Amino acid sequence: MPFNPKHILSIKTLTAEEINFILNTADSFKEINTRQIKKVPTLRGKTIVNLFFEASTRTRTSFEIAGKRLSADTVNISASSSSVVKGETLEDTAQNIEAMHPDIIVMRHSASGACDYLAERLNCSVINAGDGTHEHPSQALLDAFTIRQHKGDIKGLTVTIAGDIAHSRVVRSNIYCLNKLGAKVKIAGPRTMLPPGLEKLGCEVHHNLKDAITDADCIMMLRIQRERQGKTLIPSLREYSRFFGLNDNNLQLAKDDAIVLHPGPMNRGVEISSSVADGKQNVILDQVENGVAVRMALLYLVAGGEKLQDS
Amino acid sequence: MSVETIEILDSEGVQRALTRIAHEILEKNSGVDDLLLIGIRTGGAYLATQLQQKISEIEGTSVSMGIIDVTMYRDDLGSRNNLEVGQSYIRVPVTDKKVILVDDVLYTGRTIRAALEAVIALGRPQNIQLAILVDRGHRELPIRPDYIGRNIPTAQNEQIRVDFDDNNTAQAVHLLRS
């Protein structure tokens with residue numbers, strides 16, 4: 001199957017076949033990360049710019065390591081140290097970067113749709129590393145990769161995603177991704193954090209965490225994004241933790257071999273208790289490890305081949 | 001456009017060629033010590049498995065084998081349509097081994113160049129040798145096989161096809177002329 005995307009902007013526009021192709025490619029790249037010499041020459045001579053307008057450690061480091069292991073030259077730009085603070089617009093910043101002829105721009109931005117906007121205006125490839133509350137495709141792909149690694153096949157699994165749904169781009173990408181791969185997705189969160197119309201994306205919506213995690217194969221806890229909504233959506237963190245925190249007690253409602261995922265960074269004692277975060281069912285560090293392989297696959301796929309599609 | 005298909009080797013012919021290559025490998029390396037067969041995905045990997053069987057039949061001891069995918073080392077990233085990358089399985093360290101690279105058809109030599117780089121990235125072998133079922137000529141790089149099943153001078157517009165059955169055993173070699 002030929003799959004030579006120019007950009008990776010969202011999961012919504014990918015087919016199940018294309019998602020599996022990315023995951024299989026990541027599977028082949030994963031081995032490089034355990035070698036003594038962790039480098040292959042695949043993207044020799046390519047320049048990748050990591051353009052991060054929002055704080056990120058995991059994703060940016062992961063993309064940077066992925067690029068370096070493929071022999072590309074990676075450059076990091078973060079908003080706090082760039083001309084953005086001097087008032088430059090996104091388009092001007094991007095055009096200035098493009099004038100230096102990078103091959104791929106990996107961008108995170110606080111505005112939903114910022115990556116699509118850029119992809120329409122630039123000649124180089126764009127990879128979305130999270131745009132506002134829209135999508136975070138590489139996170140959903142590494143989640144799917146991790147679930148596949150532990151469960152074999154995603155088809156037929158029940159995956160519960162709980163937390164601040166309204167402000168989460170991870171959840172949107174994950175709903176698309178898991179639905180396409182044939183999993184049943186259950187969503188749980190306080191009413192103030194559940195956007196209306198979620199059912200239309202093809203998932204089951206619960207207002208009670210216990211209902212949602214009963215008999216689940218995978219549980220994905222989301223962070224309370226304190227920097228985004230202030231404190232108006234929940235009365236207190238303690239109350240949130242009591243009703244929507246994952247702990248040893250409610251974890252027992254899920255299947256015995258259920259795995260616990262978290263996209264990070266974790267708020268221990270809020271959405272996930274320390275004993276679960278360090279427990280034997282957690283695969284949180286596997287997610288981080290797999291993130292590098294998945295991002296290597298994405299960089300390789302947008303860089304390689306003759307461009308067939310412009311989506 | 002009709003395609004003319006000429007059989008170069010039948011099933012027995014392939015088996016005889018592989019048996020001879022197995023003997024030549026053993027003769028040149030004085031046995032199986034430190035030998036490591038590495039098949040290049042996918043045809044070469046199948047042939048390496050068969051060579052491994054033949055060597056163990058002849059010598060009575062098994063020889064290590066690995067599979068390598070050279071996609072990550074190719075020089076044509078920008079012009080390929082199929083970007084599929086297969087997995088490599090090499091369970092033993094290659095350092096100080098006598099590595100026998102195995103492939104089905106040797107043509108421009110570019111795949112072998114990529115394979116050499118892929119093997120060297122994993123360690124420092126004692127030496128690397130090359131076993132090929134069919135050498136069809138038209139080299140673009142200074143690469144020469146050590147063991148050859150059959151030399152077939154071809155024209156650029158001709159193709160060589162190696163057929164494998166469901167058990168991945170080589171059944172025949174055909175020349176396609178269009």
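Trainee: How is the model numbered, and which pLDDT limits apply?
Mentor: Residues count from 1 along each chain as its sequence is written, while chains are lettered from A and ligands numbered from 1 in the order in which they are written. The model is predicted, and totals for chains, interfaces and linings use all residues, whereas local features need pLDDT of at least 70 and side-chain atom pairs count only at pLDDT 80 or more.

Trainee: How many helices and strands does chain A have?
Mentor: Elements are DSSP runs numbered from the N terminus: helices are H or I of at least four residues, strands are E of at least two. On that basis chain A has twelve helices and nine strands.

Trainee: Why is chain A called as compact as a globular protein of its length?
Mentor: The radius of gyration is taken over C-alpha atoms, and the globule rule is 2.2 Å times the number of residues to the power 0.38. For 311 residues the rule gives 19 Å. Chain A is close to that, so it is as compact as such a protein, with a radius of gyration of 19 Å.

Trainee: What percentage of the residues of chain A count as buried?
Mentor: Buried means 20 or more other C-beta atoms within 10 Å of a residue's own, exposed means 12 or fewer, and partly exposed is in between; C-beta atoms are placed from the backbone. Of the 311 residues of chain A, the buried share is 49%.

Trainee: Where do the domains of chain A lie, and which element gives the largest share of the domain 1 side of their contact?
Mentor: Bounds come from an automatic or database domain assignment: domain 1 is 16-135 + 288-310 and domain 2 is 137-287. Contact means C-beta atoms, placed from the backbone, within 7 Å, and each domain of chain A gives 21 residues. On the domain 1 side, α1 (16-30), β4 (125-131) and α12 (284-303) of chain A each give two or more residues. The largest share, seven residues, comes from α12(A).

Trainee: Which strands are the edges of the four-stranded sheet in chain A?
Mentor: The open sheet has the order β2-β1-β3-β4 (chain A), with parallel pairing; strands pair if DSSP finds at least two bridges between them. Within the sheet, β1 (residues 47-52) and β2 of chain A share six bridges, and A:Phe52 stands opposite A:Ser78. An edge strand pairs on one side only, and here the edges are β2 (73-78) and β4 of chain A.

Trainee: What is the strand order of the chain B sheet, and at what angle does α2(B) run to β2(B)?
Mentor: The open sheet of five strands is parallel, in the order β3-β2-β4-β5-β6 (chain B). Angles run from 0 to 180 degrees between N-to-C directions, with axes fitted to C-alpha atoms, for helices over the stretch in contact. Helix α1 (residues 11-28) of chain B touches β4, β5 and β6 of chain B. Helix α2 (residues 43-59) of chain B lies across β2, β3, β4 and β5 of chain B, at an angle to β2(B) of about 150 degrees.

Trainee: Which peptide bonds are cis?
Mentor: Most peptide bonds are trans. A:Pro265 sits in the loop between β9 (259-261) and α11 (274-277) of chain A, and B:Thr42 in the loop between β2 and α2 of chain B. Omega is about -10 degrees for the cis bond of A:Gly264 and A:Pro265, and near -10 degrees for the one from B:Arg41 to B:Thr42.

Trainee: Is B:Ser30, with its positive phi, buried or exposed?
Mentor: Phi of B:Ser30 is near 50 degrees, and the residue lies in the loop between α1 and β2 of chain B. It has 7 C-beta neighbours inside 10 Å, so B:Ser30 counts as exposed.

How values were computed: Two residues are in contact if their C-beta atoms, placed from the backbone, lie within 7 Å.
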